[in-house]
Amino acid sequence: MRMSRRSLLAAGTAAAALTPLPAGAAERTARSGTRPRTGFERLAGDGYALLAGRRVGVVTNPTGVTRDVRHIVDVMHADTRVDLTAVFGPEHGFRGTAQAGGSEGRHDDPATGLPVYDTYLKSGQALADVFTASGVDTVVFDIQDVGARFYTYIWTLYDCMEAARLAGKRFVVLDRPNPVTGRSAQGPVLHKEFATFVGRQPIAQAHGMTVAELARLFNGEFLERPVELDTVLMSGWRRGDFHDASGLPWVPPSPNMPTADTALVYSGTCLFEGTNLSEGRGTTRPFELLGAEGVDGRWAAAAGELGLPGVHFREAYFAPAFSKFQGKTVGGVQIHVHDRAAYEPVRTGIALLVTAKRVWSGFAWRSDNWIDKLTGSALVRTMVDAGAGTDEVVAAWQDDLEAFRAVRKHYLIYK
């Protein structure tokens, strides 16, 4: 990846309505026991000055909550200082009633009476037309991400930024923590010919960024022309913080992301969506439980022999209530992360693919090669099929990853 002509400009001058604490202040804040504040907390604490005189629409879902779990739409709707006139729902919907691959459609929200517009699977001019029809002049984004390229909310962010530019709307991103830290980027980088809604642009599989940082990256590197962007940053958050350090409640961002532990493994084990094995959907531990009919204890043993950092593998048997193998008892593994600082989710996901193929003769990729969309190229699939080991596969994407890291560092905000 090569730095665009806008890279340094966007990193240095992308509008920020509220700036982060000075260097070192986050560490001092943490030591003093003061909790981090989200972008919404800082926006509200400033009396919504950034939104004064604006007709506002909010792109959000059930994760857009305050520390005491009130939804920001309900809070803003009740505040006379904000002219909130519309809500835009992503995949799973504004109130989160839809399963994967679904949305709530156009409706009026029963709690507030506000019109709710559906953004799912809309992009470009079609989405710009939705913004125009809503009558808003400022679009606000506040959704909890989980740090993985194929988690679709960051591409909702991207599509909404592009649509706001086309519609001549201002765009405001309210930042929230990356729950699995922002320490580093890991995994393969998307190749543009494999772009889909689970990866629009060439970023790493585990990007290690917050949504505000991603918004600045998108604006500086990938949008045809930049949107008028404001980012309301957090205070007191550090790059090495996991979700529990924030003191924020965990609201499942989607039905199969029930806990922050799920997010910790997701950027690696979601790859099993691209196989004929269950990725644990339909269980109480999605993406931590993996398996299929005919798999036995040899898989957990083979994975355990690799000595992967921070993780143990337990032979497990389970019966998914829906999705793959619904109602059938399958064998496989449960991932137990015992040292999350040492744990490498993407490497672990690759290791599990490699060992599953070696020990189970029934292993197969999905017939549509969905694995290529998830990993961002054909590299992982073809190397695993050729018998490559975990280290060989990981080594093959390092040049692309280092190029992405070089671009990414220009957009990092927090220490």
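Student: Which residue of S12 stands opposite Leu-290?

Tutor: Two strands pair if DSSP finds at least two bridges between them, and here Leu-290 stands opposite Val-333 in S12. S10 and S12 are paired in the antiparallel sense over four bridges. Helices (H or I, at least four residues) and strands (E, at least two) are DSSP runs that are numbered from the N terminus. This is a predicted model, in which local features need pLDDT of at least 70 and side-chain atom pairs count only at pLDDT 80 or more, while totals for chains, interfaces and linings use all residues. Residues are numbered from 1 along each chain as its sequence is written, and side-chain values use heavy atoms, with hydrogens and water left out.

Student: What is the order of the strands in the open sheet?

Tutor: The three strands of this open sheet follow the order S10-S12-S11, with antiparallel pairing. Strand S10 (289-292) and strand S11 (311-318) stand at the edges with a single partner strand each, so one side of each has no neighbour in the sheet. From one strand to the next, the twist averages 25°, where axes are lines fitted to C-alpha atoms (for helices over the stretch in contact) and angles run from 0 to 180 degrees between N-to-C directions.

Student: How many bridges join S11 to S12?

Tutor: Eight bridges join S11 to S12 (residues 330-337), and the two run antiparallel. Phe-313 stands opposite Ile-335 in S12, and Val-311 stands opposite Val-337 in S12.

Student: Is S12 largely enclosed or left open by the rest of the structure?

Tutor: Buried means under 20% relative accessible area, exposed over 50%, and partly exposed in between (1.4 Å probe, protein chains only). Six of the eight residues of S12 are buried, so S12 is largely enclosed by the rest of the structure.

Student: How should I read two packed helices?

Tutor: Two packed helices are described by the angle between their axes and the distance between the axes. The axes of helix H8 (residues 260-269) and H10 come within 6 Å and cross at roughly 50°. H8 and H10 are therefore oblique to each other, given that angles under 35 degrees count as roughly parallel, over 145 as roughly antiparallel, 65 to 115 as roughly perpendicular and the rest as oblique. In contact, meaning heavy atoms within 4.5 Å, are residues including Leu-264 and Val-265 of H8 and Val-346 and Leu-352 of H10.
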